Amino acid sequence: MRYGVLCIALLALLLVGAGVNASADTTGLGTGSVRILSGIVASAQKKLPEIVFFSVSSVLHADFNSDGQEDDATIALAPKDMVNPDDRIFLIVHLADQPSPLIAEIPVNDEGLCSAAASLRLETQSTQRPVLVVDDGACDTFRFEVENTPAQLVVSRN
């Protein structure tokens, strides 16, 4: 059942991305973002909870690991359930040269973000390397950089 629902969701994303009923699209987002998001979802599905919500507007593109290739990142929300008493935000980074994405989990509680209404943006630090910033506007932000050998997400907080 899980894979059937995921396939339907991916098909819907691809159809919207392909321009089906494009005259009704008022998001202003390019079809590339939808296709990239569907690729990220497909590569990360086995590492994420069964129920997660993605946002096309949270898809970012940059060379996160300084290898000269464009990489992709997004965030997803996993709502609380019987097993996990708190909402969780997942940062998903798909590096162009890696088959599996890097995933970081941020709880929405006293030790994580204060609100599930998180956003994702890019900042550039003094190293000129892109930094992924997950922010809810209420608590300290989470900043992630991709380190190589092996590829991993390194987090810092204000």
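This report describes the nonpolar cores, an open sheet and the surroundings of one histidine in a predicted model.

## Nonpolar cores

The largest nonpolar core comprises 21 residues, and the members that touch the most others are Leu91, Val93, Leu132, Val134 and Phe144. At least two residues of this core come from each of strands S2 (60-62), S3 (71-78), S4 (88-94), S5 (102-107), S7 (130-135) and S8 (142-147).

Beyond residues up to four places away in sequence, phenylalanine 144 touches Leu91, Ala104, Ile106, Pro130, Val131, Leu132, Val134, Leu153, Val154 and Val155.

## The open sheet

Four strands, in the order S6-S7-S8-S9, form an open sheet with antiparallel pairing. Its edges are strand S6 (119-124) and strand S9 (152-157), each of which pairs on one side only. From one strand to the next, the twist averages 30 degrees.

The antiparallel strands S8 and S9 are joined by six bridges. Arginine 157 in S9 has phenylalanine 142 opposite.

## Surroundings of histidine 61

Histidine 61 lies in strand S2. Its relative accessibility is 33%, so histidine 61 counts as partly exposed. Leaving aside neighbours within four places in sequence, the contacts of histidine 61 are Ser33, Ile36, Glu70, Asp71, Asp72 and Leu122.

With aspartate 72, histidine 61 makes a polar contact between side chains at 2.8 Å. Isoleucine 36 is 25 residues from histidine 61 in sequence, and the C-alpha to C-alpha distance between them is 9.5 Å.

Notes: Residues numbered from 1 in each chain as written. Predicted model: local features only at pLDDT ≥ 70, side-chain atom pairs only at ≥ 80, totals over all residues. Heavy atoms only, no water. Core = buried A, V, L, I, M, F, W, Y, C linked by side-chain atoms within 4.5 Å. Buried < 20%, exposed > 50% of the residue type's maximum accessible area, 1.4 Å probe, protein only. Contact = heavy atoms within 4.5 Å. Pairing = 2+ DSSP bridges. Axes fitted to C-alpha atoms, helices over the stretch in contact; angles between N-to-C directions. Polar contact = N/O pair within 3.5 Å; in protein donor to acceptor, adjacent residues only side chain to side chain.
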